[in-house]
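Welcome! Try each task before reading its solution.

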Amino acid sequence: MLPPTATDSPRRRLIPLQSRAGHGEVATIAFGPADRPVDIVFLHANGFNAMTYRQLLAPLGREGLHVMAVDQRGHGLSRLDTQAADHSWLRYADDIVALVEALGAAPRVLAGHSMGGTATLLAAPRLAGLSRAPSMVLFDPVLKPSLPEATPLSIADSPLVRGALRRNALFASREAALENYRGRGAFKTWPDAVIADYLTDGLVPLASGGMTLSCAPAWEAANFSSSYLHSPSQALTQALADIHILRAEHASTCRWDEGATTSPWAPHVQVTTVPGTTHFLPMELPDVAREALRDAVAASRG
């Protein structure tokens, strides 16, 4: 891997969106040459933000790829409506389609972690008609074999929802937050540098002093609550795009083949279980995740 350079500091840009889910501005960061089309667009997991994945993506920029990561609605520094009423992950799919339209062309690869991966699949049917539909690299997307056509999970049904609503949103500083998160909960397997990157845009200053989470706990809870409302089955069963899923070995949220007696994966879907990883495999094994992204870009050029 190339050594770190000043290019590891991303270019920041607010891009106006005209989305079905409402108008506003999406915050993005980018690495690599700005004078070439975007090679990769990356979508983060619930509760996080684009900067969380700087350690993963910056080396690809040093190698000459143009990589963009996005603060999804309600996360990081994006300026988009976050009304929780009737919320579903289709809003994120709408935003992906609107972003592609704003860029003027699809990237070679759409990539996402967890919720970001599932949102990418939900967007796939609307991107399939493009002259060059992007391939997809998904890191432990949230997939379940039989999705209920039901109401969102109640607080009593989901420990993730309850945990999000109990989350402390106030900190004296980013340093205090880092000390609080280090080695605990979702951050247990994360290097300190990655936690610090998350906190760069994961906390915003308050006028009264101190800092608060840029993704409000209520919004994070709304995402957990609505996680299985809409199935991405069309993208997984129809060859709308080449898809590579990297799945965690332990406590994976990618359970599409759960209980299946034969493989439910269509030929256009490659599934790799990454040994020793949890749901946070892009943070734990960035070299493996990065190689999958490189391979997808190379294949799109072939």
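The crossing of helix 1 and helix 10 is right-handed. Keep in mind that this is a predicted model.

**Exercise 1.** Work out which class the angle between helix 1 and helix 10 belongs to.

*Solution.* 
- Start with the geometry: the axes of helix 1 and helix 10 (residues 286-301) come within 10 Å and cross at roughly 45°.
- Angles under 35 degrees would count as roughly parallel, and 65 to 115 as roughly perpendicular.
- The crossing angle is roughly 45°, so helix 1 is oblique to helix 10.
- Now look at who touches whom: helix 1 contributes Gln55, Leu56, Leu57, Pro59 and Leu60, while helix 10 contributes Pro286, Ala289, Arg290, Leu293 and Arg294.

**Exercise 2.** Find how the rings of Phe48 and Tyr198 are arranged, and what parts their pair ties together.

*Solution.* 
- The count of aromatic pairs comes to 12.
- For Phe48 and Tyr198, the ring centres are 5.4 Å apart and the planes stand at 85°, so this pair is edge-to-face.
- Phe48 lies in the loop between strand 3 (40-43) and helix 1 (54-62), and Tyr198 in helix 6 (residues 192-202), so the pair ties together parts 150 residues apart in sequence.
- Both Phe48 and Tyr198 are buried.
- Widen the view: ring pairs link Phe48 and Tyr198 with Phe171, Tyr181, Phe187, Trp190 and Phe280 in a cluster.

Terms used: Residues numbered from 1 in each chain as written. Predicted model: local features only at pLDDT ≥ 70, side-chain atom pairs only at ≥ 80, totals over all residues. Heavy atoms only, no water. Phe/Tyr/Trp six-rings, centres within 6.5 Å; stacked < 30°, edge-to-face > 60°. Helix = DSSP H or I, 4+ residues; strand = E, 2+ residues; numbered from the N terminus. Buried < 20%, exposed > 50% of the residue type's maximum accessible area, 1.4 Å probe, protein only. Axes fitted to C-alpha atoms, helices over the stretch in contact; angles between N-to-C directions. Parallel < 35°, antiparallel > 145°, perpendicular 65-115°, else oblique. Left-handed = near helix turned anticlockwise from the far one by under 90°. Contact = heavy atoms within 4.5 Å.
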